[in-house]
Amino acid sequence: MEPVTLTVNGATRRLFVPPQRTLLETVREDLGLTGTKHGCELGECGACTVLIDGVPILSCLTLTVNATDCEIVTIEGIGSMTEPHPLQRSFGEHGAAQCGYCTPAMILTAKALLDRDPNPSEETIAEAIAGNMCRCTGYLSILSAVAAVTEENQ
Amino acid sequence: MTTRTTPRVRGGVGTSVQRPDGEPKVKGNFAYASDLSSEDMLWGATLRSPHAHARLVKIDIAPALAMPGVHAVLTQDDVVGAPMFGQEDQDQPVLCDGTARYWGEPVAVVAAEDEETARLAAGAIVVEWEPLTPVDDPEIAVEGGSTFRDMRIRRGDEAAVGPVVVEGFYETATQDQAPLGPEAGFAIPDGEGGLDLYITSQWIHVDHRQIIACLDMDPDQVRCHPAGIGGAFGSREDISLHIHIAMLSLATGRPVKMVYDRSESFVGHVKRHPSRMWYRHEADQDGNLVKVTVRLIFDGGAYAHTSRAVIANAAFFAVGPYRCQNVMVDAAVARTNNPPAGAMRGFGAVQTCFGAESQMDLLADALGLDPLELRRRNALGPGDAMATSGQIIEGSLPTIAVIDALESIPLPDPIASDDPLLAPGGTGLTTPVSTVVRGVGYAVGLKNVAFSEGFDDFAEARVVMTTAGVEVHTAAIEVGQGLVTVCQQIARTILGTDRVAVVWSDTSQIGSAGSTSASRQTQMTGGAVHDAAKGLRDQILSVHGGDELRDDGVYARDELIATISEICADGPVEHHVRFRHPETFPPDENGQGDVHAGFVVAAHRAVVDVDPELGLVRVVQVDTAQDVGKALNPQAIVGQLEGGIMQGMGLAVMEELIIDGGVIRNPTFTDYLIPTFLDAPDIETRIIEEGDHWGPFGAKGIAESPTISSTPAIVAAIRAATGRELTRVPVRPSDIVGI
């Protein structure tokens, strides 16, 4: 077991994990933050995306020990019960979540994009989210949901 | 159906109201099956057959049992009830019964303290196999008489001839539903010998029936609860891990959780049947169809699942939405040692739509007719006879209207030459953009709604008025399609209040809602909610007088005469309904009869850009006009159309499970490609509202239509761009290069 210190959604967490434990397993099983999803365990589907120091990272391909001392943000760490993040609200309004399994990762990836580029073009949005698969929506409602919260459209 | 709508209510039918489960989904606290856990739970894992066909000579579970942390290792010998399960035919053993009949068939299951130990223990089981030759060619299986069902349709005159003849052979590959959430389930023993199962399902009562039979338990000893589902598309219509987790939980007395990984998910659920289709269309010089002759062979894999219904659908929709007096169809679904096939969105109609629409284009070409004009001339409408079954179309079927609406959508601009993202292959394109060729193609698709052939198809719902609001109780499964929203909207509209909650009930609390498949729940459970709400309203109005229900009570001539508290003075009031669609009948020996409950039609137009040097295709735009009956929630409809088109596009140009000697060679998202954001075409939708003869407010189920005719439309567009025949989907670059 290896000692690691993570900052998850603003809280410092110290825990012991086996060296082979992925950040996805740690977030879901050890920390109980099940908004982060397991989809393919090979880094293809993007459902396990979390933000590490503001950058979207595939938690299924990241060893927990390698995330030590990093700032990790999961879907539970943006918005609040009473005041959802504008992306969360917009995804709801645009019907961008059907089964919803890809949604937390989509929202985090979109948040990282908007944090570095508040006015992305539709092409930029599509490119940024291309690593996150959705099997339900056909992506167009997701595009509308993200485009609606660019600085320009707010 | 003439239900008065109450304009005062918010979020009623016809509005794009937000889905109630949207909030937990965007916040990440919607509980999917894989998110459930408890402190004392064990993890399950499955050992699977490494052979497509083999005799199990000897199995030694002792090495697995000896591992620290392992609590149970179970085989078929541990099945105490019925040894076999299956939705239609009980032909699949719960665990390998001495012969493995497909690659990946479950052989043994393990429960252990953690996931890793469970998987390692499954791998520690020692099995001696005697490999047998797999039957992996469905034609050979059919020749040997090994089929799940043979269908024969004979309508009209077999000797009829038309002067214009086109023939073709078409194939569709194995498509996977690839829902993003893998199979998962959670079993909790109740301490009294029974169980609570939290499972992913499309039809929880039929799962329950199979589970209790294999466990040899009474219905009330096992309660099946619907757990959150990460997509379904047919993949969850059949049992996967349900019986296994129940057995492990009973054997250990502990809660057991099991979650498949992606590769296991690919073998753990049924897929779309691969097909081979021989077609002959004969027409007169004006393009009127004279005779259609079809032979179909579908590969059902090792076990029956829903193959018998799939092949019937394929056969009945083998001609498409067209009139034809003389139709001969011979169809068979083969039993092989390939992975089992079953339900996937479109359910048999997808395959034959590709064959039939390819033929209509060939015919239009032979006649020198516009492809849409040929389709208009033969269009099936209300009062016409189905070409295959002879059933007279009741209710609405706006075939010509969807074609006209589709044609009115403007075509997209030519490719913008400077942006590599807009070119086939994206930045990987190495040929000049000026060599890219554009093509446009069309297809029209027909599908039945709800279960057919005399099946006793019903849905139960209970609508309860309480002082806190209205509850809709149902066991109908929400897979993401938006049924939960539609049920709310229907109840709101009829009961005049927006305070409506849909309450998911387990199998002990309410009767079956039937399957979330066959485009049926909007009409079936929607119909049940509609009738239950109407019954409740009538009941309340008959007790209290008055002419209208509103949010705060009963009104008579705009005056409140009884408050909700008064209505519920003796407790909640409720109305329960078991809703049935118009009766259907099994076909006769010639495949004739009123076999279907209703029909839905859609048309698609695809625009593609093709790089002929590398054979790369970019699907630029896919437009659709969709028959919906009545649009209960326009936003949800558009969501279904866009998502369904994307799956149709997957089958057209990307998605194929490569199965070699019965072995799936690409069971990962690395090698089985589903469309990403950058593959997504633009989509324009037109919604055609012509109310149907049954279903709430005239609404139709629409979720399968977008997956049916989108595929042939895209292939037609690639043909238009390349001049290639393209008789197999998915179309591969190697089918295109060198033009």
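## Domains of chain B

The domain bounds used here come from an automatic or database domain assignment. In this predicted model, the assignment divides chain B into three parts: domain 1 (33–133 + 182–228 + 236–268), domain 2 (275–451 + 588–736) and domain 3 (458–580).

Taken over C-alpha atoms, the centres of domain 1 of chain B and domain 3 of chain B are separated by 37 Å. In the contact between these two domains, domain 1 of chain B contributes 12 residues and domain 3 of chain B contributes 12 residues. On the side of domain 1 of chain B that touches domain 3 of chain B, at least two residues each are supplied by α5 (204–215) and β13 (222–226) of chain B. The most is given by β13(B), with 4 residues. Sorted by class, this side of domain 1 of chain B holds 4 nonpolar, 5 polar and 3 charged residues.

## An open sheet in chain B

Chain B contains an open sheet of 3 strands, in the order β6-β2-β8, with antiparallel pairing. Its edge strands, β6 (99–100) and β8 (126–131) of chain B, each pair on one side only.

Strand β2 (residues 54–60) of chain B is joined to β8(B) over 6 bridges in the antiparallel sense. Within this sheet, B:R55 has B:E130 in β8(B) as its bridge partner. In general, the strands of a sheet pair through backbone hydrogen bonds, either parallel or antiparallel.

## The largest nonpolar core

The largest nonpolar core comprises 295 residues. Those that touch the most other members are B:A108, B:V110, B:A315, B:A491, B:V608 and B:I714. Helix α15 (residues 634–653) of chain B gives the most to this core, with 10 residues.

The surroundings of B:A315 can be listed individually. Not counting residues up to four places away in sequence, B:A315 touches B:M151, B:I153, B:L296, B:V329, B:A331, B:T388 and B:G591.

## Chain A

Chain A has 5 helices and 5 strands. From the N terminus on, its elements follow the order β-β-α-β-β-β-α-α-α-α. The radius of gyration of chain A is 15 Å, close to the 15 Å that the globule rule gives for 154 residues, so chain A is as compact as a globular protein of that length.

The C-alpha trace of chain A spans about 45 × 30 × 25 Å along its principal axes. Of the 154 residues of chain A, 58% count as buried. Among the contacts in chain A with a separation of 6 or more, 58% are accounted for by residues 24 or more positions apart.

Technical notes: Residues are numbered from 1 along each chain as its sequence is written. Chains are lettered from A and ligands numbered from 1 in the order in which they are written. This is a predicted model: local features need pLDDT of at least 70, side-chain atom pairs count only at pLDDT 80 or more; totals for chains, interfaces and linings use all residues. Two residues are in contact if their C-beta atoms, placed from the backbone, lie within 7 Å. Ala, Val, Leu, Ile, Met, Phe, Trp, Tyr, Cys and Pro count as nonpolar, Asp, Glu, Lys and Arg as charged, and the others, Gly among them, as polar. A nonpolar core is a set of buried Ala, Val, Leu, Ile, Met, Phe, Trp, Tyr and Cys residues joined through C-beta atoms within 7 Å. A residue is buried if 20 or more other C-beta atoms lie within 10 Å of its own, exposed if 12 or fewer, and partly exposed in between; C-beta atoms are placed from the backbone. The radius of gyration is taken over C-alpha atoms; the globule rule is 2.2 Å times the number of residues to the power 0.38. Two strands pair if DSSP finds at least two bridges between them.
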